Amino acid sequence: MSATAERRLKFWGWGYEDQQPAPGDVEAGGAAIRAHLGFEPAEVERPVELTEVELAPPRLEPPPALREICSQTLYDRTLHAYGKSYRDVVRAFRGRFDHPPDVVAHPRSEDEVAALLDWCADAGAAAIPFGGGTSVVGGVEPVVGEEYAGVVTIDLKGLDQVLEVDSVSRAARIQGGATGPGLEGQLREHGLTLRHFPQSFEYSTLGGWIATRAGGHFATLNTHIDDLVESVRALSPRGVWESRRLPGSGAGPSPDRMLIGSEGALGVITEAWVRVQARPRWKASAGVHFASFEEGARAVRALAQSGLWPANCRLLDAAEGALTGAAPRGISLLVLGFESADHPVDAAMARALECCADHGGTWPGPPRTSGPGDSGSANGGGSVGAWRSAFVQAPYVRDTMVAAGVLSETFETAITWDRLEDFVAAVRERAEAAVAEACGSGRVSCRFTHAYPDGAAPYFTVLAPARRGAELEQWAIVKEAASEAILSAGGTITHHHAVGRDHRPWYDRQRPEPFAAALVAAKAALDPAGILNPGVLVDSAPRAHRT
């Protein structure tokens, strides 16, 4: 049993049940949030109690051989009915569960995963792989169609071990259900770290990161989990899929690349060899101020093309900087950081600050640094510490925003530097117009999450007053406008949030048609009954289920 199994996650929102603030604190926090955003006061609601939730009866019963690892409790079915998008949280907050899974399985081994897939294929049931359940794009919601006999959600967190460590090659074989804290705790015993920290780090899993091509800690160079994967092992209805463990290969299309980003549609990722590293011993961080977002963007481009490869290089516009309390009003903030396990990083930071100064950047004090034996942290205090605290707390605060009637949505993309300025302006304009139409007022802010030599990843945040009972309609207006703006201006519909069901209409238009046909063919070959996460990435026709 994993260490986190003793605590129960909230069935409707982010985090554990014991992390939910008291009702009085939520009311005070909600009122403070609305006042900070400049919204009129509004009643702060309370979430539905689990005992008040009613679900449709299960359509499936697990066979005797699998009953020990299967659950049909109210808690398990509600917990696994959604991911953690704003739309998901609003529906769960109100007790609306239209398509809960019929069975939630908790396998403890690959053999049990294989047995579950066999049962689903025989029964004509959909099988939805489930890691941390942190999808914000409808990636785990069991909306599969009436042609399936039911839905079995396969929660993989029972496969949570670091199985093998190769300290010579600096690689580790880790099961797909290991959460961020779980795998880091086990790697720490070897003095190693994966150093992949998405915002969902506390609850998301290695298999989920691989399945969704998740973005992580590094803002440059090794930005995605792709860069840290050495080989992947997955189970499909047609058998085991495992690539050869190698540092690199030119032997045809990569089997790993096909699984990375497959979102459970091609197989259930059970383990992977990943590239790990020594834990960093030297760190340096600085908050750099710019008079405009455009000046900051030019500095980020210079840094991304310099070969310095900062670990953190996240640019916040003035609205985002003020919202998080990380920057003075009217100032765009660059959160800049370096780290190394091998050598001090002072020289790299000094050169990076010179690049920033060339583009109008200033900083209020010397960089914060730490090294072996230091008791302080390069990430604590100042604007960098304020930003980091706001970043970590954002998913928890969103629960309070839902209670307070604040629409909170994000959308992210990537674009090349030559188109960036016009792109950000166009997307921001379309999103602001949609917010005004749907909500009457609100704000749209932007930051860069990752930077490349040829472009950046803009990440937009929408905060607006919600109308009770109409939140989903408001969300749909903003989502469609933002997605249309991104695609029509040449960006990607997602940089690191995956496709899921929410992004399917725009993903279908982004990908080349011949590739789409190849993906459909691969799906049919690996999953002939179409049971694996139907509706994600591609459509597939399941065989008629037994009656």
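Me: Buried means under 20% relative accessible area, exposed over 50%, and partly exposed in between (1.4 Å probe, protein chains only). This is a predicted model: local features need pLDDT of at least 70, side-chain atom pairs count only at pLDDT 80 or more, and totals for chains, interfaces and linings use all residues. Residues are numbered from 1 along each chain as its sequence is written, and side-chain values use heavy atoms, leaving out hydrogens and water. So, is Pro58 buried, exposed or partly exposed?

Reply: Pro58 sits in the loop between helix H1 (23–37) and strand S1 (70–71); helices (H or I, at least four residues) and strands (E, at least two) are DSSP runs, numbered from the N terminus. Its relative accessible area is 32%, so Pro58 counts as partly exposed.

Me: Which residues is Pro58 in contact with, beyond its neighbours within four places in sequence?

Reply: In space, Pro58 lies 10 Å from Ala149, C-alpha to C-alpha, though 91 residues separate the two in sequence. Contact means heavy atoms within 4.5 Å. With those sequence neighbours set aside, the partners of Pro58 are Gln72, Arg77 and Asp102.

Me: Over to Ser332: which backbone nitrogen does its side chain reach?

Reply: Ser332 belongs to strand S14 (residues 332–340) and, with a relative accessible area of 2%, is buried. Apart from neighbours within four places in sequence, its contacts include His289, Phe290, Leu316 and Asp317. At 3.3 Å, the side chain of Ser332 reaches the backbone nitrogen of Phe293.

Me: How far apart are the end C-alpha atoms of helix H15?

Reply: H15 covers residues 513–526, which is 14 residues. The expected span is 1.5 Å times one less than the number of residues. That gives 20 Å for H15, and the end C-alpha atoms agree, being apart by 20 Å.

Me: How wide an arc do the buried residues of H15 cover around the axis?

Reply: Ala516, Leu519, Ala522, Lys523 and Leu526 are the buried ones in H15. They're on the same side of H15, because they cover an arc (from the directions from helix axis to C-beta atoms) of only 120°.

Me: What is exposed on the other side of H15?

Reply: The buried residues of H15 have cover that includes strand S8 (229–236), strand S9 (239–242), helix H7 (255–259) and helix H14 (504–510). On the other side of H15, the exposed residues are Glu513 and Pro514.

Key:
A polar contact is a pair of N or O atoms within 3.5 Å; within protein, one must be able to donate a hydrogen and the other to accept it, and residues adjacent in sequence count only if both atoms are side-chain atoms.
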